[in-house]
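Open the model in your viewer and keep the sequence beside it. This tour goes from one selection to the next.

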Amino acid sequence: MSEKKPNIWDNVWTVPNILSMIRLLLIPLAVYFFYLDWPMAALGVYVFASATDLVDGYIARHYNQISPLGKLLDPLADKLMLITVLWCLGARGDTPMWVAYVVIIKELAMIVGGGFMYKKLDTVVYANWLGKGATATFTVAVILSFFHDMVAPVDTVLMYVALGVSIVAMLFYAYSNLYRGIRGKSRDQH
């Protein structure tokens, strides 16, 4: 008897999923604060969103509220917030715009790749220590970029480090998950 594949809509209304949804709703608010030229308000939104990311991960793991939707929604909310804030910081001249372009391309590749892995290979791409390290480094670099005039070039150097670590993490995810997914499928066919 085969195990039932979890439905993405199972356990939708968990605390971690609601926190991820709140993060998605905060993205336009951050843009609005940038538009009004209220960077400290935008920073507050970013820091709050980053804090909810830590809280939702803790709750999901420690209270067994991990869900199929959460595995997709959590990283999507994080990626979209990062892309949005980097774009706005680049438009203000607080971080190099090309960094935002590279991150956008990389994150879109991760979203498409993660969707492919889920759809074709029934594999969800989980964060590992390298990806978590990249996220933490980006978070610090983004926060410092709000104070670019006071801390330059520290923020820019850290942004480059975060970008490098995130690209290495993406290559590691691609290799390990494709290998694991293809290997698992070939075992199922035997």
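How many residues does helix H2 have, and how far does helix H2 reach from its first C-alpha to its last? Select residues 39-62 to find out. Helix H2 has 24 residues. From first C-alpha to last, H2 reaches 35 Å, close to the 34 Å expected at 1.5 Å a residue. Keep in mind that this is a predicted model.

**The whole protein**

Zoom out and colour by secondary structure. The protein has seven helices and zero strands. Along the sequence, the pattern reads α-α-α-α-α-α-α. Now show the surface. Of the 190 residues in the protein, 43% are buried. Turn to contacts between residues at least 6 apart in sequence: 75% of them join residues at least 24 apart.

Nonpolar side chains in soluble globular proteins tend to be buried together. Select Met81, Val85, Leu86, Val103, Phe138, Val142 and Phe146. These are the residues with the most contacts inside the largest nonpolar core, which has 27 residues. Six helices each supply at least two residues of this core: H1, H2, H3 (68-92), H4 (97-121), H5 and H7 (154-189). Which helix gives the most to this core? The answer is H3, with seven residues.

Next, centre on Val142. Leaving out residues up to four places away in sequence, Val142 touches Tyr46, Leu82, Val85, Leu86, Leu89 and Met159. A second, separate core has five residues, including Met110, Leu130, Met170 and Tyr173.

**Helix H5**

Select residues 129-145. This is helix H5, with 17 residues. H5 reaches 24 Å from its first C-alpha to its last, close to the 24 Å expected at 1.5 Å a residue. Which residues of H5 are buried? They are Leu130, Gly131, Ala134, Thr137, Phe138, Thr139, Ala141, Val142 and Ser145. You have met some of them already: Phe138 and Val142 are in the largest core, and Leu130 is in the second core.

**A nonpolar patch outside**

Return to the surface. Select Trp13, Ile18, Ile22 and Phe48. Together they form a nonpolar patch on the surface, with about 440 Å² of accessible area. Trp13 is found in the segment before helix H1 (15-35). Is Trp13 buried or exposed? Trp13 counts as exposed because its relative accessibility is 68%, above the 50% cut-off.

Most residues other than glycine have a negative phi, and most peptide bonds are trans.

- Select Asp37, in the loop between H1 and H2. Asp37 is not a glycine, yet its phi is positive, about 65°.
- Select Asn64, in the loop between H2 and H3. Asn64 follows H2. Asn64 is not a glycine either, and its phi is also positive, about 50°. With a relative accessible area of 68%, Asn64 is exposed.
- Select Ala152 and Pro153. The peptide bond between them is cis, with omega near 5°. Pro153 lies in the loop between helix H6 (148-151) and H7.

How values were computed. Residues numbered from 1 in each chain as written. Predicted model: local features only at pLDDT ≥ 70, side-chain atom pairs only at ≥ 80, totals over all residues. Heavy atoms only, no water. Helix = DSSP H or I, 4+ residues; strand = E, 2+ residues; numbered from the N terminus. Expected span 1.5 Å × (residues − 1). Patch = residues over 30% accessible without salt bridge, like charges linked within 9 Å, V, L, I, M, F, W, Y side chains within 5 Å. Areas by Shrake-Rupley, 256 points an atom, 1.4 Å probe, with all protein chains shown as cover. Salt bridge = Lys/Arg side-chain N within 4 Å of Asp/Glu carboxyl O. Buried < 20%, exposed > 50% of the residue type's maximum accessible area, 1.4 Å probe, protein only. Contact = heavy atoms within 4.5 Å. Core = buried A, V, L, I, M, F, W, Y, C linked by side-chain atoms within 4.5 Å.
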